[in-house]
Every structure is written in structure tokens, then in C-alpha cells.
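Okay, thanks for coming, everyone.

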Amino acid sequence: MNPIFLQIGSFKLSYYGLCYAIAFFIGIELLKKEADKKGISKNIIEDYAFVAMLSGLLGGRLYYVLFNYTYYFSHPQDIIAVWKGGMAIHGGIIGGFIGTLIYAHRKKLNPFLLGDMVAPLLLLGQGIGRFGNLANGEVHGVPTFTPLKVIFNLKPSFYQWYNSYNLMSLTEKAQYKELVPWGLVFPTSSPAGSEFPNLPLHPAMLYEATLNFIGFFFLYFFMRKKNYATGTIWWTYIIIYSINRIIVSFFRAEDLMLYGFRAPHVVSFIMLLIAAIIIIVINKKSGSDK
């Protein structure tokens, strides 16, 4: 898998960048159509899309740096070296949400109206973006022969098991057969291939892409046509993505950690709980106002 889509001289266009560019332009066109229905200026939507994108990128980077503060404290010059990798989607969601609040306040708009409009498209964009991760050989899963009891351990013990596996004899290793037939082997030049050379891995990025596309279709073609209180679609997006990430994180090998637990599990559960409570409250309030 080659991460470079096109190279002309010193100019390089990566699949990762291409995927997010495609996601951004599809998203903004769909957002404009939604804005027409709600009587919102296309100029406002275009400006908002750039604000949300930039604040999301900033939030995603800061979140990643904070969870890896030990490294970046020793290598502060790498904090801005985003081309080396290091983004966290939960930070991107938080950053994008803050950017939305600020922009909506300046334009005197309901931020949750904007959130409802953009929420399905975020899942679409996140799904498309995971194909860029596939090309880079990142956001990868554990080897397909990893026992399920290790994969689904809430307090991860995968690397302890994998280190013991490396010390096993060939006879002992033979007992661990592939549990699924669709594992992917990545080149050693990629993060996945360098971590697990010549081993078939769970394509965690494709698991997440599939779940995100399902979530997109649910929000875009079903929920947005229903009469819910403003903000419901946004908070439903938070619930859907949190569930998706909890599922996929069981298979991912390089998740950030928080006090010995997978950070995405902890953060996703908290976000899911908050979103569920808010949906109940705003719809109950909306019903009482009628």
C-alpha cells in the first residue's frame, strides 16, 4: 500500500489528504443544500465549514499531544509536526464543537441548528477518511490470531500477551490460528507493518468506516426527516460515534491509554452518557412547550 496518490517533482498528494479533501467538498455541497431548506445563506455555511474544519484539526492535535505529553515535553518542536501523524478524533469533535459555538454566537445562530445540519456529514467524512488511514497503514488492528478474550478485555492486556507469544516455540504458536480470514498485511514502511511485520491484522480502520457509513445513512435519510427538538441529531451523532468507537477500539492496537484503560472507551462512554441525558431533557422540554 502506497500512501502517495500523486507525485509531481517535489509535490506529493497523499491518499490521506485526498480522502479528507473529497469528504470536505462532498460535505460542504450537501450542507449547502440543507442550508437552502432552512433559509441560511450559503456564504455563512461556507465560512462555518472552514471554521469547523480548522477548529476540529486544532482540537484533534491538542488532544493527541496532551495524551502523549511525555514525548512532546521532550520534543516540543514536534508539536506542530502534524505531517508525522498524531490526531485524535475525540479532540477533533470537541474542537469542532467549540468552533461551532463561537461561530454561531458571532452570527447569532443556534449552534445546535448548525450541529444538526453537519452531524450526518461528519460521519460520512470520518468514514471516507478511514480509507486514507488504510493507505497509510495506520489506525490498525491487532493480529487476527489474537484470542478474543484478550481483544475484549476491558483493561487491555494485548501487548503482554503478544510479548509472551513472541517467546513461544513454533509448536506453541501453531495453536493460534487465524480467527478471521480478512486480515491485512501491511508493508514494513507503515506504522502497522513496522509494529507487526508480515502478520495479518484486523482492518480496524475499515470496521470503523463501515460503522460510520451506517450511522450516516441513519442520520441523513431517517432522523433528519423527523420532528425532533433542535440539537437531537447532533447529540445522536455523539451517541452513534461513541458506540462505533467503543466497538472498534477493542480491535485497535495503538489506542491512547488513560489510567490503564483505553482512552476512547472512557471518553466515549462519558460522551455517550452526556448525550443521552441531553436528548431526553431537550425533547421533554420541547414536548412540554407545545
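When I say helix, I mean a DSSP run of H or I with at least four residues, while a strand is a run of E with at least two, and both are numbered from the N terminus.

Quick housekeeping before we go on. This is a predicted model, where local features need pLDDT of at least 70, side-chain atom pairs count only at pLDDT 80 or more, and totals for chains, interfaces and linings use all residues. Residues are numbered from 1 along each chain as its sequence is written, and side-chain values use heavy atoms, with hydrogens and water left out.

Now the overall picture. The chain has 12 helices and four strands. Its C-alpha atoms fill a box of roughly 70 × 50 × 40 Å along the principal axes. For 290 residues, a compact globule would have a radius of gyration near 19 Å, and the chain has 21 Å, which agrees. That radius is taken over C-alpha atoms, and the globule rule is 2.2 Å times the number of residues to the power 0.38.

Of those 290 residues, 44% are buried. Buried here is under 20% relative accessible area, exposed is over 50%, and partly exposed is in between, with a 1.4 Å probe and protein chains only. Then contacts, meaning heavy atoms within 4.5 Å: among those between residues at least 6 apart in sequence, 70% join residues at least 24 apart.

Back to Tyr-241. Is Tyr-241 buried or exposed? At 1% relative accessibility, Tyr-241 counts as buried. Leaving out residues up to four places away in sequence, Tyr-241 touches Ile-89, His-90, Ile-93, Leu-123, Gln-126, Arg-130, Glu-208 and Asn-212. His-75, on the other hand, is 166 residues from Tyr-241 in sequence and 32 Å away in space, C-alpha to C-alpha.

Next, the helix pair. Two packed helices are described by the angle between their axes and the distance between the axes. Helix α5 covers residues 111–136 and helix α11 covers 232–249; their axes come within 6 Å and cross at roughly 25°. That makes α5 roughly parallel to α11, since angles under 35 degrees get that label, with over 145 being roughly antiparallel, 65 to 115 roughly perpendicular and the rest oblique. The axes are lines fitted to C-alpha atoms, for helices over the stretch in contact, and angles run from 0 to 180 degrees between N-to-C directions.

Who meets whom? On the α5 side we have, among them, Phe-112, Leu-123 and Arg-130, and on the α11 side, residues including Trp-234, Trp-235 and our Tyr-241. By class, the contact of α5 with α11 has 11 nonpolar, four polar and two charged residues. Nonpolar is Ala, Val, Leu, Ile, Met, Phe, Trp, Tyr, Cys and Pro; charged is Asp, Glu, Lys and Arg; the others, Gly among them, are polar.

Over to Tyr-207, which lies in helix α10. Tyr-207 touches Trp-182, His-202, Val-248 and Phe-251, again skipping residues up to four places away in sequence.

Finally, the loops. Val-139, in the loop between α5 and α6, has a positive phi of about 55° although it isn't a glycine. Val-139 is buried, at 8% relative accessible area. Asn-198 also has a positive phi, about 65°, without being a glycine. You'll find Asn-198 in the loop between α9 and α10, and at 61% relative accessibility Asn-198 counts as exposed.

Last stop: Lys-155, in the loop between α6 and α7. Lys-155 is partly exposed at 45%, and touches Gly-260 and Phe-261, with residues up to four places away not counted.
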